[in-house]
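Please look over the sequence and the structure shown here before reading on. The report then takes up a few places in turn.

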Amino acid sequence: RQLYRTDEAVVVAECVFRQAPSDDSPSLRTIYPGEKVIMSDQIGEWHQVRLLNLDEGWVKSESFELIKIDGVAPAKGK
């Protein structure tokens, strides 16, 4: 999948997509490597993301990787 914006990332490790930024928060679904997400907020190690189907939830930052656009990788949390 192609990325066009600096707030887009690709999931690199299977992870739990949660309702809130906590390991105790209910799981919405599992996200698999290769899925694209759009980041909208950050609290500590948690990022609020939107999936391509417009579902919103929280994942840990270790689960995705920011992609270089025009040879430059944006800083995490930006």
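Is leucine 54 buried or exposed?

## Leucine 54

The model is a predicted one. In it, leucine 54 counts as exposed, because its relative accessibility is 60% and the cut-off for exposed is over 50%. Leucine 54 sits in the loop between strand 5 and strand 6 (56-60). Its phi is near 80°, which is a positive value in a residue other than glycine.

## The largest nonpolar core

In soluble globular proteins, nonpolar side chains tend to be buried together. In this model, the largest nonpolar core has 12 residues, among them Val11, Phe17, Val37, Val49, Val59 and Leu66. Two or more residues of this core come from each of strand 1 (8-11), strand 2 (15-18), strand 4 (36-43), strand 5 and strand 7 (64-66).

Valine 49 belongs to this core.

Histidine 47 is found in strand 5 (residues 46-51). It counts as buried because its relative accessible area is 2%, and buried means under 20%. The C-alpha atoms of histidine 47 and valine 59 are separated by 5.5 Å, although the two residues are 12 residues apart along the chain.

Lysine 60 lies in strand 6. With a relative accessible area of 18%, lysine 60 is buried. Its side chain makes a polar contact of 3.2 Å with the side chain of aspartate 23. Not counting residues up to four places away in sequence, lysine 60 touches Asp23, Glu45 and Trp46.

Terms used
Residues are numbered from 1 along each chain as its sequence is written. This is a predicted model: local features need pLDDT of at least 70, side-chain atom pairs count only at pLDDT 80 or more; totals for chains, interfaces and linings use all residues. Side-chain values use heavy atoms; hydrogens and water are left out. Helices (H or I, at least four residues) and strands (E, at least two) are DSSP runs, numbered from the N terminus. Buried means under 20% relative accessible area, exposed over 50%, partly exposed in between (1.4 Å probe, protein chains only). A nonpolar core is a set of buried Ala, Val, Leu, Ile, Met, Phe, Trp, Tyr and Cys residues joined through side-chain atoms within 4.5 Å. A polar contact is a pair of N or O atoms within 3.5 Å; within protein, one must be able to donate a hydrogen and the other to accept it, and residues adjacent in sequence count only if both atoms are side-chain atoms. Contact means heavy atoms within 4.5 Å.
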